[in-house]
Amino acid sequence: MAQIEEMWGHQDTLFKQITESGDWGHEHGADWTFADVPYHLAYCNHDLVARAVECGRDLPAEEQIAFNSPADVNAWNAHKFAERPADQTVEQTLAQLQASRDEIRRVAAGLTDADLERPTWFPFIFGMGDGWVPASMPLNFCLTHDWSEFMQLRIHAGAEAPVPSPGITSQYLGAMIGM
């Protein structure tokens, strides 16, 4: 959690810089704007981390989505973006992101080492299993996914700082190499 909190602090610093520049509408790749990034992080944090870890084996079957390809991930993201109200403000999105972080904090606070080993649903199957993984995996995903989204946003924003600690970057690289 200390590394996740560090990443959230870096994100908040970058989000503050974007707010101060008034540049939330800046393009972020082909389809997104800067304002889309915290929204994406919020629903990923909620659905793929907090809810999955909290429910464990009790996650309802209809929520046990499976990504068997990058196209499945893209379709899910498109579905989640379609759910966002058209008039949602950046401030509302940042509050939604904060709420998802608070959910993760609450869920993680009660976890023991044994809890980190209990089965939890994680949709990134890509033909490699049935979706049940140790609860530690969604938490590791939170860290590496947040690093990835942060670094992409930092590059698109032309920001040189903040810089995640070497331990977080190593964690990300290890996760990607291990895939």
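User: What makes E5 and R105 a salt bridge in this structure?
Analyst: In this predicted model, the closest N and O atoms of E5 and R105 are 2.6 Å apart. A salt bridge requires a side-chain nitrogen of Lys or Arg within 4 Å of a carboxyl oxygen of Asp or Glu, so the pair qualifies.

User: Why is R101 called buried?
Analyst: The relative accessibility of R101 is 1%, and buried means under 20%; R101 therefore counts as buried.

User: Which residue does R101 meet in a salt bridge, and why is that partner called partly exposed?
Analyst: The partner is D12, at 2.8 Å from N to O. D12 has a relative accessible area of 35%, which falls between the limits of 20% and 50%, so D12 is partly exposed. D12 lies in helix α1 and R101 in helix α4, so this pair joins parts 89 residues apart in sequence.

User: Why is α1 called roughly parallel to α5?
Analyst: The axes of helix α1 (residues 2-21) and helix α5 (residues 136-157) come within 10 Å and cross at roughly 25 degrees. Angles under 35 degrees count as roughly parallel, so α1 is roughly parallel to α5. The crossing is left-handed.

Definitions and conventions:
Residues are numbered from 1 along each chain as its sequence is written. This is a predicted model: local features need pLDDT of at least 70, side-chain atom pairs count only at pLDDT 80 or more; totals for chains, interfaces and linings use all residues. Side-chain values use heavy atoms; hydrogens and water are left out. Axes are lines fitted to C-alpha atoms, for helices over the stretch in contact, and angles run from 0 to 180 degrees between N-to-C directions. Helices (H or I, at least four residues) and strands (E, at least two) are DSSP runs, numbered from the N terminus. Angles under 35 degrees count as roughly parallel, over 145 as roughly antiparallel, 65 to 115 as roughly perpendicular and the rest as oblique. A crossing is left-handed if the near helix is turned anticlockwise from the far one by less than a right angle, and right-handed if clockwise. Buried means under 20% relative accessible area, exposed over 50%, partly exposed in between (1.4 Å probe, protein chains only).
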